Amino acid sequence: MKRLGLAILLLLGLASVALAQVVITTPLAGPNATPLTPSSTFTTGASSVTLTGAANKWTYICGFTITSSATATPVAADVTITGVPTTMHFTYIFVTTGQGILGIAFPGCITSSAPNTSIVVNVPAGGAGTVGSVSAWGFTN
């Protein structure tokens with residue numbers, strides 16, 4: 001009987017640990033949150049999208065995507081996100097055939113470095129023949 005009781009306690013303990021693992025996808029997104037979904041297309045040159053900050057509010061980036069069609073020459077580019085506590089860097093390859101894509105989703109989102117600060121996703125030039133788009137999503141709160 002003791003063994004059965006111990007086994008039940010062990011199972012309950014393990015179940016409570018598993019149930020405690022909750023992923024928060026939009027922290028602090030209360031009734032005052034304003035969704036932001038900037039998007040831009042580009043050809044050949046550099047591009048960026050801005051999650052615009054608001055007075056007395058924090059800005060959050062929850063993710064971004066970059067897509068491009070074939071370029072004349074493959075190019076490795078340093079995509080940056082500024083306006084966050086430390087500039088973030090991601091490598092994107094502009095491909096010569098097919099379609100390139102980079103999609104990043106941040107579990108829990110990332111906050112701006114200060115209130116009323118915009119967050120910018122910067123995509124450098126891909127070179128001749130490049131056609132692409134960049135989108136980001138987040139919110140202010």
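Five aromatic pairs are counted in this predicted model, where rings of Phe, Tyr and Trp (its six-membered ring) pair if their centres lie within 6.5 Å, with planes under 30 degrees apart taken as stacked, over 60 as edge-to-face and the rest as tilted. The pair of Tyr60 and Phe139 is stacked, because the ring centres are 4.6 Å apart and the planes meet at 15 degrees. Tyr60 belongs to strand S4 (residues 59-68) and Phe139 to strand S9 (residues 131-140), so this pair ties together parts that are 79 residues apart in sequence. Strands here are DSSP runs of E, at least two residues, numbered from the N terminus. Both Tyr60 and Phe139 are buried, that is, under 20% relative accessible area (1.4 Å probe, protein chains only).

Phe90 and Phe106 make a tilted pair, since their ring centres lie 6.3 Å apart with planes at 50 degrees. This pair links distant parts of the chain, with Phe90 in strand S6 (residues 88-94) and Phe106 in strand S7 (residues 100-111), 16 residues apart. Both of these residues, Phe90 and Phe106, are buried, and together with Phe64 they form one aromatic cluster.

Thr59 is also found in strand S4. With 0% relative accessibility, Thr59 counts as buried. Leaving aside neighbours within four places in sequence, Thr59 is in contact (heavy atoms within 4.5 Å) with residues including Leu36, Ile110, Thr117 and Phe139. The Thr59 side chain reaches the backbone oxygen of Thr117 at 2.8 Å.

Residues are numbered from 1 along each chain as its sequence is written, and side-chain values use heavy atoms, leaving out hydrogens and water. In this predicted model, local features need pLDDT of at least 70 and side-chain atom pairs count only at pLDDT 80 or more, while totals for chains, interfaces and linings use all residues.

Note on methods. Helices (H or I, at least four residues) and strands (E, at least two) are DSSP runs, numbered from the N terminus. Buried means under 20% relative accessible area, exposed over 50%, partly exposed in between (1.4 Å probe, protein chains only). A polar contact is a pair of N or O atoms within 3.5 Å; within protein, one must be able to donate a hydrogen and the other to accept it, and residues adjacent in sequence count only if both atoms are side-chain atoms.
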